[in-house]
Amino acid sequence: MATSNFAWTCFLVVLGLSVVTGQPLVPALYLFGDSIVDVGNNNYLETLIKANFPPYGRDFINHTATGRFCNGKLATDFTGENLGFTDYPKPYLSNNAKTRKNMLLGANFASAGSGYYDTTATIYNTLSLTKQLALYKDYQNRLVVIVGKVNASATINGSIHFLSAGSSDFVQNYYINPLLYKKYTVDQFSDILIQSYSNFVQALYNLGARKIGVTTLPPIGCLPASITLFSDDTNKCVDKMNRAAVYFNNKLNATSQNLQKKLTNLNLVVLDIYQPLLDLVNKPIENGFFEARKACCGSGLLETSFLCNSKSPGTCANASEYVFWDGFHPTEAANQVLSSDLLVSGLSLI
């Protein structure tokens, strides 16, 4: 896949550092948010928003459907590898996450269908950010028992906390929920989400986090499901949804700068995925892809979660040719490209 020479240079520098030290470049990784980073927490919830069945995971290790909303690896899986990790943080709701070995890797608290707006998670019976934060507190208590208070604090302070949320709030709540879109303008709803984001970052900071990376919203109007549901048959990206994402992202950047100034020793980095994904959508061929309008799974127009299953007619044979795996989520191949951009943006977190 195409990527910039600068991105490859950064990747080689980071790879070289991890090889020289023989250790990951940070002690652990902690992940929060939605389906972009969920690796299987929803497997343990009574929710329809799951991905622990074929064809999900068909290109992952051992062709296993772990609960990742992808045919293979997530962008954050690649990021972890780039940082020198040889295994991935486990979904915290799994028993496997509580072993000493896996606790020292970090943990994944993300839950598909959640967002900055806690009610989004309530609708889909998934883990809100409030609940994810409570689980993180539980993790910290367990970590103290394993390594002691001083070592636990050092681990938390030195590790990367990664947050990806907001898409579900818009695509799977605001735009389909008259109780929201009749009450709030898009900008007003964005402001509510930004306040939740600010509160979450401050809560992480109060728990010892000093290195936090947060992704922007992607071009939500270009998701196959968004085009199918909201494009008025134009078969093009939905401009109003992309404008909403841009407004949100601008507020996210401004709020993050203010938090950085306000909170001593906080390293808060906004990781842009809007433009990199938009580039893949607008110029798929130039970036090594064949299809960017339709997803690989099923008809490619809408299917996700239980609608994307082993009996879905039309699922593509080679997902690496597609930007999107299902109606909402990128393929492993697209995630690998996005992870290079995340690496460049996030170098200052290391």
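# Exercises on a predicted protein model

Ser168 belongs to helix 7, which covers residues 167-171. The model is predicted.

**Exercise 1. Decide whether Ser168 is buried or exposed, and list its contacts beyond the neighbours within four places in sequence.**

Solution. 
- Step 1. The relative accessible area of Ser168 is 2%.
- Step 2. A residue counts as buried under 20%.
- Step 3. Ser168 is therefore buried.
- Step 4. With neighbours within four places in sequence set aside, Ser168 is in contact with Asp34, Gly113, Ser114, Thr120 and Asn173.

**Exercise 2. Locate Pro219 and describe its surroundings.**

Solution. 
- Step 1. Pro219 sits in the loop that runs between strand 4 (211-215) and helix 10 (224-230).
- Step 2. Its relative accessible area is 1%, so Pro219 is buried.
- Step 3. Not counting residues up to four places away in sequence, Pro219 touches Asn242, Ile273, Tyr274, Leu277 and Leu278.
- Step 4. Between the C-alpha atoms of Pro219 and Cys237 the distance is 8.5 Å, and the two are 18 residues apart in sequence.

**Exercise 3. Examine the backbone at Pro54 and Pro55, at Asn62 and at Asn265.**

Solution. 
- Step 1. Start from the general rule: most peptide bonds are trans, and most residues other than glycine have a negative phi.
- Step 2. The peptide bond joining Pro54 and Pro55 is cis, with omega about 5 degrees. Pro55 is in the loop between strand 1 (29-33) and helix 2 (75-82).
- Step 3. Asn62 is not a glycine, yet has a positive phi of about 60 degrees. Asn62 also has its place in the loop between strand 1 and helix 2.
- Step 4. Asn265, likewise not a glycine, has a positive phi of about 65 degrees. Its loop lies between helix 11 (239-262) and strand 5 (267-271).
- Step 5. Turn to accessibility, where exposed means over 50%. Asn62 has a relative accessible area of 66% and is therefore exposed. Asn265, at 65%, is exposed too.

**Exercise 4. Describe the protein chain as a whole, and test its radius of gyration against that of a compact globule.**

Solution. 
- Step 1. The protein chain contains 13 helices and five strands.
- Step 2. For 350 residues, a compact globule would have a radius of gyration near 20 Å; the protein chain has 19 Å, so the two agree.
- Step 3. The C-alpha trace spans about 60 × 45 × 40 Å along its principal axes.
- Step 4. Of the 350 residues, 58% count as buried.
- Step 5. Take the contacts between residues at least 6 apart in sequence: 72% of them join residues at least 24 apart.
- Step 6. The accessible surface is about 14,700 Å², and carbon and sulfur atoms account for 55% of that surface.
- Step 7. The protein chain carries 26 positive and 24 negative side chains; the centres of the two sets are 9 Å apart.

Conventions:
Residues are numbered from 1 along each chain as its sequence is written. This is a predicted model: local features need pLDDT of at least 70, side-chain atom pairs count only at pLDDT 80 or more; totals for chains, interfaces and linings use all residues. Side-chain values use heavy atoms; hydrogens and water are left out. Helices (H or I, at least four residues) and strands (E, at least two) are DSSP runs, numbered from the N terminus. The radius of gyration is taken over C-alpha atoms; the globule rule is 2.2 Å times the number of residues to the power 0.38. Buried means under 20% relative accessible area, exposed over 50%, partly exposed in between (1.4 Å probe, protein chains only). Contact means heavy atoms within 4.5 Å. Accessible areas come from the Shrake-Rupley method with a 1.4 Å probe; for residues, only the protein chains shown count as cover. Lys and Arg count as positive and Asp and Glu as negative; His and the chain ends are not counted. The place of a charge is taken as NZ of Lys, CZ of Arg, CG of Asp or CD of Glu.
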